[in-house]
Amino acid sequence: MDFVQVQNLCKNYPDAALGEFKALDNVSFVARAGEVFGLLGPNGAGKTTALRILATILQPSSGSVRIYNFDVTEQADFVRHSIGFVSNNTAVYDRMSAWEFVEYFGRLYALPADRLYPRMEKIFRTLQMDEFRDCPGVKMSTGMKQKVSIARALIHDPPVLIFDEASLGLDVMVARALQSIVMDLRDQGKCIIYSTHIMREVERLCDHVAIIYKGKLLDTGTLEELADRHEQNDFEELFFQLLTQGDKGHFDAKPPAGLGMRLRTDSTASQGSAL
Amino acid sequence: MNWSHVKLIFHREVRDQLRDRRTMFTICILPLLLYPLMGMVMLQVAQFHREQHVSIGIFGYENWPSDSPLILESSDPSQIRWKTLTVDDSIGATLEQFQTVQTQTNSEFKNKSTESYIVDGKAAEKLLRQVHCDAVIWVPPGYHRSISDNPLVILSNQRWERSQLAIRLLAEELEGWHLSWIRTQLAWTELGTALVDPLAIRQLDVSRPEVKRALVWTKILPFVMLIWALTGAFYPAIDLCAGEKERGTLETLLCSPARRKEIVWGKLLTIMCFSIGTAMLNLASMHTTTSIVMTQFSQLGATDMVASLGPLPLHSMGWLILLVIPISAMFSALALAVASLARSTKEGQYYLMPLLLVGMPLVMLPMIPGVTLSHGTSVVPVTGAVLMSRAMIDGEYGLALLHLPTVMAVTLFCCFLSKQWAIRQFESESVMFRDSERSSVAQWIRNVWRQREDTPTCNESILCGLLILVGLFFGRLSLSGMPQSWTSVVQSTLVIQVGIILTPALIMATMLTRCVRKALRLHRPRPLDMMAAASLAVCLHPTYMAFAAAVGKEYKLGEQTTSMLMQFDSIISSTPIWQVLLMLALIPAICEELVFRGFLFAGLQRNGGQVRAILVTAAFFGLSHGVLQQTITASVMGVMIGWIAYRSGGVACTIAFHATHNSISMMLAWYSSRGFNSPHCLSWAIEHCDGHLAYTSTWGALSVGIAITLIAWFATRGSVLSNPRSSIGLNDLHQQRVKFTA
């Protein structure tokens with residue numbers, strides 16, 4: 001089932017120097033339930049813009065985006081209930097504890113108390129957050145903050161989760177735990193949009209990928225499909241090759257590819273209980 | 001609108017602010033500490049001032065009249081320490097020099113028979129230092145024989161504050177001695193001492209003490225409270241908007257189920273809560289402190305003025321609380337909108353000063369002597385509310401209740417606009433997610449040139465309007481005074497209309513747009529529309545005159561302006577009517593319409609901004625008239641003309657309207673000043689009244705009906721007709737003259 005459908009998405013920003021800046025130019029892709037969809041690209045490629053549109057924070061200039069079959073423009077309220085969004089820009093409040101923070105968002109999602117608190121307990125236990133549940137945001141480490149953000153995104157049990165460079169700045173241990181959480185969520189049938197520019201993460205996690213560069217979609221498909229298509233088994237080299245071709249203008253956006261086989265170099269076992 | 005979201009956000013934000021030590025210090029601790037500390041300092045200063053003594057030395061006291069000694073013995077309670085000094089040879093030589101220096105009357109002694117000698121020599125300063133005195137009196141030899149022939153020499157150094165104080169105290173002492181001496185002398189004659197004080201006055205103050213005490217506070221308290229309400233709103237607003245952007249928590253909230261409007265409401269209520277809290281805490285702290293300090297002052301023997309202040313009247317607190325709620329709501333919404341523009345806390349603080357500068361005149365206006373609550377002042381935001389609270393504190397409840405609906409309507413309307421602006425800011429991606437600008441002016445200019453369109457942008461239109469207003473300000477300053485002849489009237493009209501108003505718009509239309517015709521909204525008009533616009537001007541003129549008269553009654557013209565208008569009337573009365581109509585009706589109509597309903601309107605109406613275009617061009621049009629009364633009437637008429645410009649799609653109809661309106665005003669003034677009576681054929685419409693031509697009530701009523709019909713006709717002509725462009729013509733002071741005759 002297609003949980004995320006992006007068709008000809010365009011986003012233009014007014015720019016004092018250029019007049020208009022095309023952050024996204026006709027980007028299309030589809031992400032399905034039970035898969036991790038990697039959105040790849042260098043800095044400034046348009047990943048964050050695309051994910052902000054998916055999260056209803058920004059409005060598309062043109063094109064169509066549907067999440068869980070709700071239109072992000074017309075049915076933004078339903079979309080917000082269907083997603084959990086974690087990014088570097090979604091920080092935690094300095095003067096709230098981890099528990100208060102998650103509780104606040106749970107109540108914003110209108111979860112009744114008899115559902116909210118058991119779920120909070122479960123999430124805190126699963127993400128190993130009980131140790132710092134009363135710690136205010138200002139005293140949390142980066143890893144703690146990221147866990148709290150993930151807990152906040154999971155509190156209403158959304159079918160779609162969006163991670164925008166969520167592993168940036170995390171140490172190896174926490175990054176590994178994050179990957180584990182993502183794989184658990186995928187195994188539960190959730191659709192995960194995962195933006196990163198760490199190739200090893202992509203190889204570990206992603207079932208499908210879309211590579212964006214300068215607002216344009218360079219290619220999309222499974223890792224195997226991309227490897228076959230570009231005759232390059234090293235994904236980092238493949239990525240670099242695509243960007244170089246993108247600079248030369250050799251690439252046109254490809255239509256969304258079909259579901260391919262998973263290519264995971266490390267099938268890390270699921271850790272912790274299901275969320 | 002989900003109010004449970006608003007409530008949740010409000011609770012969280014309040015709790016968050018209460019946990020912030022910086023906010024709590026500014027909002028709560030500072031007010032509680034500030035006034036007691038200030039009061040303590042004031043008390044200490046007063047005590048120090050009271051205990052401060054000055055030394056005054058007297059040379060040659062043996063020359064003082066022995067029958068009427070100077071205060072030496074009786075000066076114990078005063079602050080003066082007297083020192084009798086002996087003149088030795090060196091000092092005597094110095095003193096002798098002082099008799100030759102130029103004399104200058106000292107303000108402290110202006111009503112007395114003595115004069116002070118101001119010397120510039122180093123010797124004088126050296127003398128003062130030598131004898132360790134703040135001032136020195138030299139009683140010259142022979143003074144006891146004739147005090148009028150031998151003036152006292154008083155040395156002081158006005159550069160020293162203690163010396164200034166010594167002179168002031170000495171003046172009081174000498175005045176007392178002077179009166180005593182006169183009485184003594186008169187006692188020896190048959191004239192009696194009544195000559196000294198021939199006028200006896202008994203003053204009775206009928207004001208009640210509590211009202212009198214409230215008088216000063218009514219001016220101080222609203223000012224202090226509004227400043228704190230603004231401050232109390234702004235710092236939380238910065239933290240809740242710019243601070244959250246900076247910390248990255250705003251995006252967290254934006255992707256939550258709460259809508260932007262709900263987020264704004266939650267934050268707005270929080271800011272309002274703290275704004276009111278700050279103002280109230282300040283008020284309470286001030287009340288407590290003043291009660292104590294004023295009591296202490298009265299015990300210290302304070303002056304009547306200070307004593308009359310007394311402690312803060314308690315009943316005034318209640319009225320101030322009522323005042324602060326709507327005002328805080330408005331300030332909070334404004335602060336929220338302004339703070340949302342900032343990307344960081346630091347940047348947000350830069351915006352505080354402009355907001356204060358905008359708000360300050362409205363807060364200061366009620367403090368101007370003579371400004372009271374009236375129909376005119378009640379419509380001014382903030383000012384009206386302050387004046388109403390003052391009326392309530394003064395016990396003028398009837399007056400306050402009379403203006404309560406207007407003040408509340410204006411305040412609530414401003415609150416609504418501010419809140420809408422704040423919501424709009426939160427819904428704007430360019431505001432919420434703007435990055436740092438690249439500041440390349442050359443590139444920006446290239447971009448503006450490359451991306452020219454047929455019509456100007458909204459920003460270009462506003463810039464043009466502002467440039468014109470600034471130009472008019474300096475232009476009117478340079479054209480000092482009223483024109484003395486028709487030639488100077490023509491010159492000033494051309495300079496203002498063509499040079500200052502039209503030229504900037506023409507230059508911008510040429511350089512910033514691809515099509516000057518479209519930029520100025522020049523379209524071929526339909527004759528029927530033109531006729532309808534001109535007819536509408538004729539029919540609306542009586543209503544306009546009545547409105548202008550009402551405005552003139554509420555905001556009276558000064559004597560100087562009135563005399564200038566009369567002089568202007570006399571100038572135009574001696575000029576042929578066709579010249580008057582050309583220069584004061586047609587040219588202003590063309591120039592102003594091309595600019596306001598042309599260039600400005602074209603930019604402002606883009607992206608469906610027709611209402612914005614009508615209102616903003618009306619405001620610019622009104623402000624371009626300089627005189628407050630004309631600004632009001634022209635702004636109102638500007639809305640009408642803007643609507644015609646919108647319906648007609650161009651400026652031709654508005655020019656017809658404007659020129660017709662101006663022409664009628666000019667003709668009425670011209671014929672009135674020449675003493676013409678109404679022609680017989682127009683006697684049903686125009687009559688002679690108090691030396692001026694005015695509309696009859698019959699035509700007044702009839703014209704309203706016809707005007708409504710014509711407006712309805714315009715309204716049903718379709719969204720873009722081919723021609724009307726309106727105008728109003730109030731560009732001259734002269735027309736004001738006519739308005740008041742209506």
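Reader: Which residue in S10(A) is the bridge partner of His208(A)?

Author: Strands of a sheet pair through backbone hydrogen bonds, either parallel or antiparallel. In this case His208(A) has Thr222(A) as its bridge partner in S10(A). Please bear in mind that this is a predicted model, in which local features need pLDDT of at least 70 and side-chain atom pairs count only at pLDDT 80 or more, while totals for chains, interfaces and linings use all residues. Residues are numbered from 1 along each chain as its sequence is written, and chains are lettered from A and ligands numbered from 1 in the order in which they are written.

Reader: How many bridges join S9(A) to S10(A)?

Author: Strand S9 (residues 208-213) and strand S10 (residues 216-222) of chain A run antiparallel and are joined by 6 bridges; two strands pair if DSSP finds at least two bridges between them. Helices (H or I, at least four residues) and strands (E, at least two) are DSSP runs, numbered from the N terminus. With 2 residues between them, S9(A) and S10(A) form a hairpin, and Lys214(A) in its turn has a positive phi of about 50°. S9(A) also pairs in the parallel sense with strand S3 (residues 36-40) of chain A, over 4 bridges, and there Gly38(A) has Val209(A) as its bridge partner.

Reader: Are the residues of S9(A) buried or exposed?

Author: A residue is buried if 20 or more other C-beta atoms, placed from the backbone, lie within 10 Å of its own, exposed if 12 or fewer do, and partly exposed in between. His208(A), Ala210(A) and Ile212(A) point one way from S9(A), while Val209(A), Ile211(A) and Tyr213(A) point the other way, and all are buried. Helix H1 (residues 47-54) of chain A is also mostly covered, with 8 of its 8 residues buried, among them Lys47(A) and Arg52(A). After H1(A) comes Thr56(A), whose phi is positive, near 65°. Over the 275 residues of chain A, buried residues make up 46%.

Reader: In what order do the strands of the open sheet in chain B stand?

Author: The 4 strands of this sheet follow the order S2-S1-S3-S4, with mixed pairing. Strand S2 (80-85) and strand S4 (153-156) of chain B each have a single partner strand and stand at the edges, so one side of each is left without a neighbour in the sheet. Within the sheet, strand S1 (residues 54-59) and strand S3 (residues 135-138) of chain B pair in the parallel sense over 4 bridges, and Phe59(B) stands opposite Trp138(B) in S3(B).

Reader: At what angle do helix H23 and helix H26 of chain B pack?

Author: Axes are lines fitted to C-alpha atoms, for helices over the stretch in contact, and angles run from 0 to 180 degrees between N-to-C directions. Helix H23 (residues 577-604) and helix H26 (residues 652-673) of chain B pack at about 150°, with their axes 8 Å apart. That makes H23(B) roughly antiparallel to H26(B), since angles under 35 degrees count as roughly parallel, over 145 as roughly antiparallel, 65 to 115 as roughly perpendicular and the rest as oblique.

Reader: How many residues of chain B are in contact with chain A?

Author: Two residues are in contact if their C-beta atoms, placed from the backbone, lie within 7 Å. Here 25 residues of chain B are in contact with 24 residues of chain A. Among the elements that give two or more residues to this side of chain B are helix H1 (3-18) and helix H17 (441-450) of chain B.
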